[in-house]
Amino acid sequence: MSKKVFIEGAISPEFIADSIAKHQGKHSIGAHNIFLGQVRADVHEENVVKAIEYTAYEEMANNALAVIRERAFAEFDLVCMHIYHSLGVVKTGGICLFVFVSAGHRTQVYEATAAIVNWIKTEVPIFGKEIFENEDFIWKQNK
């Protein structure tokens, strides 16, 4: 069963808080770690980014994310792991990536979160078109 990963537009603080609250009843969890990716107002040749429009090859992206999920559970002693990524337009300041990792101990969540975010950035076909205040755009390069 594949999990719902893609969310239209920015990921809301309420969605993040609700996700955290849902884990309070899981008493084998001793640590959570959260990564939140936020759209920056980068400047390219004096053009300021006002938003990023995210697109994905959803079937390929979901397959890649399923592989990442399996890999994370195989490499780290996790209780839960959730990945959410925006599609569509997210304005500067908006949250576009939410990775939520839970385990019995803190060491596992730190290591797992860093690995998962790096795998997402390098292995998942999600594309960002940086839209400038003057409406020009460039395709974002992941770093």
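This is a predicted model: local features need pLDDT of at least 70, side-chain atom pairs count only at pLDDT 80 or more; totals for chains, interfaces and linings use all residues.
Let me start with one term: a residue is buried under 20% relative accessible area, exposed over 50%, and partly exposed in between. By that cut-off K140, with a relative accessible area of 22%, is partly exposed.

Let's go inside first. The largest nonpolar core has 33 residues. Which residues have the most contacts inside it? They are I83, I116 and I120. Six elements each supply at least two residues of this core: strands β4, β5, β6 and β7, together with helices α2 and α3. The largest share comes from α3, with seven residues. As a general background remark, nonpolar side chains in soluble globular proteins tend to be buried together.

Have a look at I83 on the screen. Setting aside residues up to four places away in sequence, I83 touches K4, V5, L65, I68, L97, F98, I116 and I120.

Now the aromatic rings. How many aromatic pairs does a search of the whole structure find? The search finds six. One of them is Y84 with F98, a stacked pair at 5.7 Å centre to centre and 25 degrees between the planes. Y84 lies in strand β5 and F98 in strand β6, so the pair ties together parts that are 14 residues apart in sequence. Y84 is buried, at 15% relative accessible area, and F98 is buried too, at 0%. If you widen the view, ring pairs link F15, Y84, F98 and F100 into a cluster.

For another geometry, turn to F137 and W139. Their planes are at 85 degrees and their centres 6.4 Å apart, so this pair is edge-to-face. Here both partners are partly exposed: F137 has 44% relative accessibility and W139 has 46%.

A quick stop at a polar residue, S102. Is S102 buried or exposed? S102 is buried, at 0% relative accessibility, and its place is in strand β6. Leaving aside neighbours within four places in sequence, S102 is in contact with H23, I29, A31, H32, L78, V79, C80 and V109.

Last topic, the charges. The structure holds seven salt bridges. In one of them, K22 and D18 meet at 3.5 Å, N to O; K22 is exposed at 58%, while D18 is partly exposed at 39%. In another, D42 pairs with R40, and the closest N and O atoms are 2.9 Å apart.

And here is K140 again, as promised. K140 forms a salt bridge with E130, with 3.9 Å between the closest N and O atoms. This pair links distant parts of the chain, since K140 is in the segment after β8 and E130 in strand β7, 10 residues apart. E130 is buried, with a relative accessible area of 4%, whereas K140 is partly exposed. Finally, R71, E75 and E123 are linked in a network of salt bridges.

Thanks, everyone, and I'm happy to go back to any of these views.

Methods
Residues are numbered from 1 along each chain as its sequence is written. Side-chain values use heavy atoms; hydrogens and water are left out. A nonpolar core is a set of buried Ala, Val, Leu, Ile, Met, Phe, Trp, Tyr and Cys residues joined through side-chain atoms within 4.5 Å. Buried means under 20% relative accessible area, exposed over 50%, partly exposed in between (1.4 Å probe, protein chains only). Helices (H or I, at least four residues) and strands (E, at least two) are DSSP runs, numbered from the N terminus. Contact means heavy atoms within 4.5 Å. Rings of Phe, Tyr and Trp (its six-membered ring) pair if their centres lie within 6.5 Å; planes under 30 degrees apart count as stacked, over 60 as edge-to-face and the rest as tilted. A salt bridge is a side-chain nitrogen of Lys or Arg within 4 Å of a carboxyl oxygen of Asp or Glu.
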